[in-house]
Structures are given as C-alpha cells and as structure tokens.
Amino acid sequence: FNFNPATIFMGDTGSMLIGYILATTSLIGSKGGTAVALLIPILAMGVPIFDTLLAIIRRYATNQPIFSADKGHIHHRLLDMGFTHKKTVLVLYAISLLFTAAAIATYMSREDWYAGVILLSAALLVFVMMRVVGIFQIKKKDTPAGIIHDDTLLAAMDALPQFIIDTHHVTSVDELETALNAFCGQIGFIVAKCESNEQHPLTEWTWESSEGLSMIGRNYVSPRFEISDPTLSYKLTFTFGWSSEDAKVSPQLSLVFAILMKTIRAALVRIQQSLNADRENNSFS
C-alpha cells in the first residue's frame, strides 16, 4: 500500500515500532562487541541515516538552516537524473537491500576482519552513491548574499529570453502555443493551462509534463496570472504549477512571471492586429 502511488502512509506508531524492533534485536542478538551491535541497525537503515547526515552537512556548508527543506536528497537527485517516481523507489529499495544484506552479514560474521571487510564495502557503496547520484554537492559558505539558489527561478531566467525572441513575430495562436510549450518544458513545470471569460482559441491550451499529475506533492504551488488589455475584448487567466522548495513563489520569480505575462500580452495584441488586417483585406477584396 506504500508503493507509488501510495494509499497508506506510515505514522508515528509504525515508525517508533520499527525503530524499537531494530534497536532491541540488534542488542539482544549481536554476537560481537558493542561497536558491532550498534553498527548493525546503522547499516540496516543506511539510506535514511546517511541521507539525513549528508543533508545536515550540506545545509551547514551552504549557510542554510539545518531544518529547512531542499532538493538535495537522494530521491531528488534520482528524479533530476530522469528516473520516474517508481524507478526512483525501486533504486532506493535496491540500495536498502544491499545495506540490509551487509547488516545481516555483519551479524553472521565470526571474525573481526570479516566484519571489517563488510563495513569497508558498505562505505564504498556510500562513496559510489555520492559520486554517481551527486547527493553531496556543497557550495562555499562565502556565497554572496542575495544570490538565489532556486532551480525554477534559474531555469525561468534562462528560458525567458528565448521565449521573448520566439514570440516577437508571432501572428497566430498556434505559434504562441508552440513557444509556451517550449518555455514550460525548459523550466520543468508540472502543469500549465489558460482560461478565459469567453471563448478564445488560447483557452484550449494546456501543458502537462511527461510524469503528469503524479508529481504533485505537498510542495506544489500553482499561482494564477491574469492578462487584460484595452485592445483585447477578453481576459485570460494563466495557471502554472510546479514543486517549490519553500512551497511559495519567491519575489524574484514573481518578477519573471510579470515579464512573461507582459510578453504574452504583447504577442496577443500583435495576433489581434494581424487578424484585423486580414479581415480588412478580405473586405476590400
């Protein structure tokens, strides 16, 4: 029931029970010394323990609050590498299985050197995971104040100039929709759509990521932006949805959206002028 898409989530009672069982069984059943007894549950829970430890170090090194949310966890890195939610879960299952096997092998070992080899192999697995997945990416603490490390903001700033160029000479709604699709895909939105107070060709435009609505989580934000102009006889409302680390739209990103809406408004005015010119030409002919 916990596999994606999950229908049941573990609560405090389940997590405390699992922690209690891991602690007591490792202490009661260990054949080695105290160090080995403590290492068994650490190995068995290697993925969440090392993920938490590295998150603390990463946030401290980047001058971020330790208890703040970020997108540097293992599952975030796997998603950034192109894995789907289900494949990401399966990869984490496989890594957890390797750590569990190392914990069982440590418990069954009778020689100290054998346990040392197992622990060395587990450490090598952690190192490979850090290098391949890129979970331990640290920036210098002397980062200038005011620099925003928001993936959505940086992607929007990169995509906005090209969107302005692509829409500068549009003369049809289809051309505008093509530019909007490219813009949303480059930024990594989950979903985007347009609504209007009356029938308009652009109201049929919707955009959805390849992962679909399954990517919507608790950090999902979906701000709405309106477009109205005296030269336009209609009002359009755009909605963009994506996952935000802070579950809100930063002021810098709001400024980017303001420029985006102004660019779309200018394109719609040009499209309307082109349609009016075509009607006049047809009436004269």
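Student: Is Tyr60 buried or exposed?

Tutor: Tyr60 is exposed, with a relative accessible area of 54%, where exposed means over 50%, buried means under 20% and partly exposed lies in between (1.4 Å probe, protein chains only). This is a predicted model, in which local features need pLDDT of at least 70 and side-chain atom pairs count only at pLDDT 80 or more, while totals for chains, interfaces and linings use all residues. Residues are numbered from 1 along each chain as its sequence is written, and side-chain values use heavy atoms, with hydrogens and water left out.

Student: Which helix does Tyr60 lie in?

Tutor: Tyr60 belongs to helix α3, residues 46-61; helices (H or I, at least four residues) and strands (E, at least two) are DSSP runs, numbered from the N terminus.

Student: And what surface patch is made by Tyr60 and other residues?

Tutor: Together with Ile56, Ile66 and Phe67, Tyr60 makes a nonpolar surface patch of about 480 Å². Patches are made of residues with over 30% relative accessible area and no salt bridge, with like charges joined within 9 Å and nonpolar side chains (Val, Leu, Ile, Met, Phe, Trp, Tyr) within 5 Å. Accessible areas come from the Shrake-Rupley method with a 1.4 Å probe, and for residues only the protein chains shown count as cover.

Student: OK, new topic: how many helices and strands are there in the chain?

Tutor: The chain has 9 helices and 5 strands, and from the N terminus on the elements run α-α-α-α-α-α-α-α-β-β-β-β-β-α.

Student: Which strands does β1 join by bridges?

Tutor: Strand β1 (residues 191-196) runs antiparallel to β2 (residues 206-208), with 3 bridges between them, and β1 also runs antiparallel to β5 (residues 235-243), with 6 bridges. Two strands pair if DSSP finds at least two bridges between them. Val191 stands opposite Glu208 in β2, whereas Cys194 stands opposite Phe238 in β5.

Student: What about the inside, which residues have the most contacts in the largest nonpolar core?

Tutor: That core has 36 residues, and those with the most contacts inside it are Phe189, Trp205, Phe238, Phe240, Leu260 and Ile264. A nonpolar core is a set of buried Ala, Val, Leu, Ile, Met, Phe, Trp, Tyr and Cys residues joined through side-chain atoms within 4.5 Å. At least two residues of this core come from each of α7 (151-166), α8 (173-187), β1, β4 (224-228), β5 and α9 (251-284), and α9 gives the most, with 9 residues. Apart from it lies another core of 13 residues, including Leu43, Ile95, Phe99 and Ala122.

Student: Is Arg224 buried or exposed?

Tutor: Arg224 counts as exposed, at 53% relative accessibility, whereas Lys193 counts as partly exposed at 34% and Glu195 counts as partly exposed at 31%.

Technical notes:
A salt bridge is a side-chain nitrogen of Lys or Arg within 4 Å of a carboxyl oxygen of Asp or Glu.
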